[in-house]
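Here is a short tour of one structure, written for someone who likes to know how each value was defined. Take a look at the sequence and the model, and then let us walk through some of the details together.

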Amino acid sequence: MAITKRLLSGNEAMALGAYHAGVSVATAYPGTPSTEILENLAKMEGIYVEWSTNEKVAMEVALGASYAGVRALVSMKHVGLNVAADPFFAASVTGVRGGLVVICCDDPGMHSSQNEQDNRHYARFAKVPILEPSDSQEAYNIMEWAFKMSEEFDTPVLFRSTTRISHCKTVANVKEAADIKRKQPRFIRDPYKFVMVPSNARPRHPLMEERIQKLSSYMEAFPLNEMILGDRSIGIISAGAAYQYAREVFHNASFLKLVTTYPLPKKLIKRFASEVARVVVIEELDPFLEDIIKIMGIQVIGKELVPIVGELNPQILEERAINAGLLPQPQQMSQSTKKVERALPLRPPLLCPGCPHAATSYALRRLGFYHVEPHDEQASEKRAMARQKRQGIIVTSDIGCYTLAVYPPLLALDTCACMGASIGQAHGLEKAGVTNKIVSVIGDSTFLHSGITSLVDVVYNKGHGTVIILDNNTTAMTGHQGHPGTGISARGEETRKVIMEDLVRGTGVRDVSVVNAFDLPLIEATIKRCVETDEPSVIIVRGPCPLRVRMKGKPLVVDLEQCDKCFNCLRVGCAAITKDGDKITIDTALCVGDRCSLCLQVCHRQAFKVSER
Amino acid sequence: MTKTDVLMTGVGGQGVILASDALAEIALKAGYDVKKSDSLGMSQRGGSVVSHLRMGEHIFSPMIKKGDVDFLLAFERLEGARWADYLRRGGVAIINNLAIPPLSVVGGASIYPSTVEVEEIIREYTDEIYFIPATEIAVELGNPQVLNVLLVGFLSLFLDIEEKSYIGNLSQRVPQKFLQLNLKAFARGREEALIRKQNRQH
């Protein structure tokens, strides 16, 4: 079989590995850093691929496919496994028919996540094996093993990646045109296995414990766990991206690279430990390997060397190793100690020019509602006014592009916990007796993901809250994936579309408004009206994501004669509007023109104009 | 080529990732082991973008250590200053002399560094500094978006990879109707590097 050498990201390699392993069904909800796995699978022929409404649904669909005897894959980001935990644990109990691989991509360092949980714990918790690649080549190679292991041991397999595996491109030798053998779907009735009433579930637990024992012996001979013996004075046990950092920093040491990090190949570890003078465990985040190895009675250096918080990198590892005397002092003083600290302006991400969420965020701030001191202005009378406004509307937010409205200058949001939480939190605040008016904001994809159940709760329990669904007709934050409200499938084909307003009415909400995302006065008026009513209300603020549609209107220009330098336009937080000295300018390369015109609406002097050219 | 570490930095939307993808492919074709790591996600919303690109005989870590970078290729001045401490002593800093002020600057909360200040910061690590008006040249050529190809062209003169490998990759990557413009941008970047190297004018 022809092999080609390609530069693949970990996510591309996982997708290709699964495809070549004969996967038939793949499901996911987009989430950084996992999104590209399904995006890549969606380009491949002969398999079923879907964006599910959330990770729990994705897990259930993949589990169903596995019961039909075919190989199935479900992918998600780390927090997605929290959503999918229920069916994930259930899958561990029933086991599988066709191989079931659950890819979860952790995000140490929180590049784009709300926490940095270490999902290796899920493997031990749910009593399933875990496999971890350390580069794209392994990500590709391990996939076949993962499916085989799943089928042989009747268990889902947790395939764990991290941002630096998923989003790093490394060289991989892959099959050019694989001879793919997919299993034929066939469901064989077996209520003792598939119907987990207590009488059927009880005998499964001892089987699960037995499975872990068998897996432990299996892992001892797992060919991809690799022992590299060099200088025996230090023996490093590591896995995943941390292994590569360790190789980079410790040039001659001995290494035990683990691909199977649960259950651990204990005999192999003991043998390795006996070959070296001292054992160092290098792992990101929690002392997962360290704890188990210590319980085995082996003395190790672990978290006293490698931080428990944040993403690891070769820099940190080298500095810590030098300080601990594991590596020699460098000849020169390190440059970073010499460096003159300079405060450079930060560049936080912000809403794009022409973003349909900007007007709503602006309105929410203006209606309410500074809850914090505005950092973006000089001490002035405005600051005192801002203080007076503090008793305004509370805005609970969800997770998506609109969460960026928490940053200056918009400063519009008060909470953000997890997908789907905004509506429930608002309801909780209200039922707790908070006297402020409360508005929750949530995106269209996120509303379908898990907002809808909270809205049903509000209706049922006689809440009064106002929900704003920011509908930009895509899942923008992760790169414009389709969802049930878009009418576009994972493969980019047209499909039936959920009508958001009908869906909302179907939950029992009677007060439903649909407003244009670029009509600031209407948005403001609608919010004002809705927060005064005694029944739940939903405002769907609709406008397309400019990064997706990429269309421009007539250009906007600034009439400097009219401008009185109040700089209110800067409060919109538009990257296309800049102050040059005390002159306002519009960057025409960024501005989407009168498709947005929010600056024009907030200017009290009509200094912004639509140019006819 | 001995091990070469390139750090590309810029602002979301400038084409940093595209440029490092292209260079990584070119280095792979030229026979090197390659690893690269990008910041993704939030940064595409106008945030700060960085791409670590490593090439050589055998690469382990996909991330470069501070003090190891051979070439800092900054698509924007402030981002050049921000990542200067990754440069190794005597490394090469190639800075597009363009200012994209972040909102904190526009709002008056912080001050954007001048070219002289950026130079001072970088000089703590190296004297090999090139400021190029790359965006201006790209606009002159007809499209500011070819900035990334122009900068890769400039960098290419310093790397041990044949010129035709770049041309070949561009021809595969760029749609036919933009190819001439991109080839022109690449050539122009390379030419600029040659002139400055000869004049030792930074």
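How many bridges join strand β19 of chain A to β20(A)? The count is 6, and β19 (residues 511-516) runs parallel to β20(A). This is a predicted model, in which local features need pLDDT of at least 70, side-chain atom pairs count only at pLDDT 80 or more, and totals for chains, interfaces and linings use all residues. Residues are numbered from 1 along each chain as its sequence is written, chains are lettered from A and ligands numbered from 1 in the order in which they are written, and side-chain values use heavy atoms, leaving out hydrogens and water.

**Around β20(A)**

Strands (E, at least two residues) and helices (H or I, at least four) are DSSP runs numbered from the N terminus, and two strands pair if DSSP finds at least two bridges between them. β20 of chain A, residues 537-542, has 5 of its 6 residues buried, where buried means under 20% relative accessible area with a 1.4 Å probe, protein chains only.

| Strand | Partner | Bridges |
|---|---|---|
| β18 (residues 466-471) | β20(A) | 6 bridges |
| β19 (residues 511-516) | β20(A) | 6 bridges |
| β13 (residues 278-282) | β14(A) | 2 bridges |

Opposite R542(A) in β20(A) stands D471(A), while I540(A) faces V514(A). Together with helix α22 (residues 520-531) of chain A, β19(A) and β20(A) form a right-handed β-α-β unit; with the strands pointing away from the viewer, the path from the first strand over the helix to the second runs clockwise.

**An open sheet**

Elsewhere in chain A, 5 strands form an open sheet with mixed pairing, in the order β9-β11-β10-β13-β14. Its edges are β9 (226-228) and β14 (300-301), each with a single partner strand, so one side of each has no neighbour in the sheet. V279(A) has V300(A) as its bridge partner in β14(A).

**A helix in chain B**

Helix α1 of chain B covers residues 16-29, and its end C-alpha atoms lie 20 Å apart; this agrees with the 20 Å that its 14 residues should span at 1.5 Å a residue, the expected span being 1.5 Å times one less than the number of residues. Of those 14 residues, 10 are buried, among them L23(B), I26(B) and L28(B). After α1(B) comes G31(B), with a positive phi near 100 degrees.

Notes
Buried means under 20% relative accessible area, exposed over 50%, partly exposed in between (1.4 Å probe, protein chains only).
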